[in-house]
Structure formats: C-alpha cells, structure tokens
Amino acid sequence: MPERHAALRDGAARRCYGAAVPTLAEHACLTLVVQGVSHGWAIGSLLTPEGELGRVFTLSRPLTYRAIDGLVAQGLVRRKEPTGGTRDRATLTATAAGRRAATAWLDAPVSHVRDVRIELMLKLLLRERAGLP
C-alpha cells in the first residue's frame, strides 16, 4: 500500500480508538515545519493576517504555540531547546510520522463542502509553497 494511503488509514484508526488527530491549526504548523520553517515565531509570522498564508488562514501566536505543543505531544514534531543565550529559539523538526502525516493531509481531499473555503485554499497555498502540483 502506498505510504500516503497507510498514513490516511492510520489517521482513521486513531479517530476510532480515541487517539489525538491533528487539528487544522496543527496540520498547518506541521506542514510548515516539514517545509523547513524551524521556529515557532517564524510559523506565527506566516500565519498572521499580513503573513504569506494569512489571507486564507490566520492563527494568533498563542494558538500557534499551542498547536506546536500539541504536535510535540503527539510525536509529530521534535523541539530542541536552545543551549545558548536567552535570545536563542527552540528549533523544530518533523519526525518521520510527522512527515507522513503532513503528506497525507496535503494529498487528502477536504471532507466537507464547508471546508473548501479555508482548508482547501490553505492546502493549495502550502502545496504551491512547496512546489507541488
């Protein structure tokens, strides 16, 4: 079975058994981490109303950091705390499971017509940002 289908199947299994399924905010943050955005502040900047993705989907900084915390708790993102001075920022990297989940989410159609306006447009912008068709 192709990897993306396995990831979709795993997501369905998590819903059935009550395990966490990433929210739209978590999916957006996860996909940005997979695309190489490695700091929470940079992710938050992309998701402000003035940011690259803000014309379609906005997220406040506190909600951005909450989404990142959720991704870390789900094992989809690793956070490496700074070892230097106070101005250093934690570095974020996607785990293998996180990369699979982001790919599966980007490749999956939206579930409902009501999701076209935000989720589909967000997916299209993130795909364009990654150079995907």
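Biologist: Leaving aside neighbours within four places in sequence, which residues is His 27 in contact with?

Modeller: In this predicted model, His 27 is in contact with Pro 22, Ala 101 and Trp 105. Contact here means heavy atoms within 4.5 Å.

Biologist: And where does His 27 sit?

Modeller: His 27 belongs to helix 2, which runs over 24-34.

Biologist: Why is His 27 called buried?

Modeller: Its relative accessible area is 12%. The cut-off for buried is under 20%, so His 27 counts as buried.

Biologist: What does the side chain of His 27 reach at 3.5 Å?

Modeller: The backbone oxygen of Pro 22. A polar contact needs a pair of N or O atoms within 3.5 Å, and the His 27 side chain reaches that oxygen at 3.5 Å.

Biologist: What makes you say helix 2 is mostly covered?

Modeller: Nine of its eleven residues are buried. Among them are Ala 25, Glu 26, His 27 and Cys 29. The cover over those buried residues includes helix 3, helix 4, strand 1 (77-80), strand 2, helix 5 and helix 6.

Biologist: Why are helix 2 and helix 5 called roughly perpendicular?

Modeller: They pack at an angle of about 115°, and their axes are 9 Å apart. Angles of 65 to 115 degrees count as roughly perpendicular, so helix 2 and helix 5 get that label.

Biologist: Which residues make that contact between helix 2 and helix 5?

Modeller: From helix 2 come Leu 24, His 27, Leu 30, Thr 31 and Val 34. Helix 5 brings Gly 98, Arg 99, Ala 101, Ala 102, Trp 105 and Leu 106. Two of those, Ala 101 and Trp 105, also turn up in the contact list of His 27. As for handedness, helix 2 passes helix 5 in a left-handed crossing.

Biologist: How many residues does the largest nonpolar core have, and which have the most contacts inside it?

Modeller: The core has 28 residues, and those with the most contacts inside it are Cys 29, Leu 32, Ile 43, Leu 47, Phe 57 and Leu 122. Helix 2, helix 3 (40-46), helix 4 (61-73), strand 2 (91-94), helix 5 (96-107) and helix 6 (116-130) each supply at least two of its residues. Helix 2 gives the largest share, six residues.

Biologist: What is Leu 47 in contact with, beyond its neighbours within four places in sequence?

Modeller: Its partners include Cys 29, Leu 32 and Phe 57, along with Leu 53, Gly 54 and Thr 64.

Definitions and conventions: Residues numbered from 1 in each chain as written. Predicted model: local features only at pLDDT ≥ 70, side-chain atom pairs only at ≥ 80, totals over all residues. Heavy atoms only, no water. Core = buried A, V, L, I, M, F, W, Y, C linked by side-chain atoms within 4.5 Å. Buried < 20%, exposed > 50% of the residue type's maximum accessible area, 1.4 Å probe, protein only. Helix = DSSP H or I, 4+ residues; strand = E, 2+ residues; numbered from the N terminus. Polar contact = N/O pair within 3.5 Å; in protein donor to acceptor, adjacent residues only side chain to side chain. Axes fitted to C-alpha atoms, helices over the stretch in contact; angles between N-to-C directions. Parallel < 35°, antiparallel > 145°, perpendicular 65-115°, else oblique. Left-handed = near helix turned anticlockwise from the far one by under 90°.
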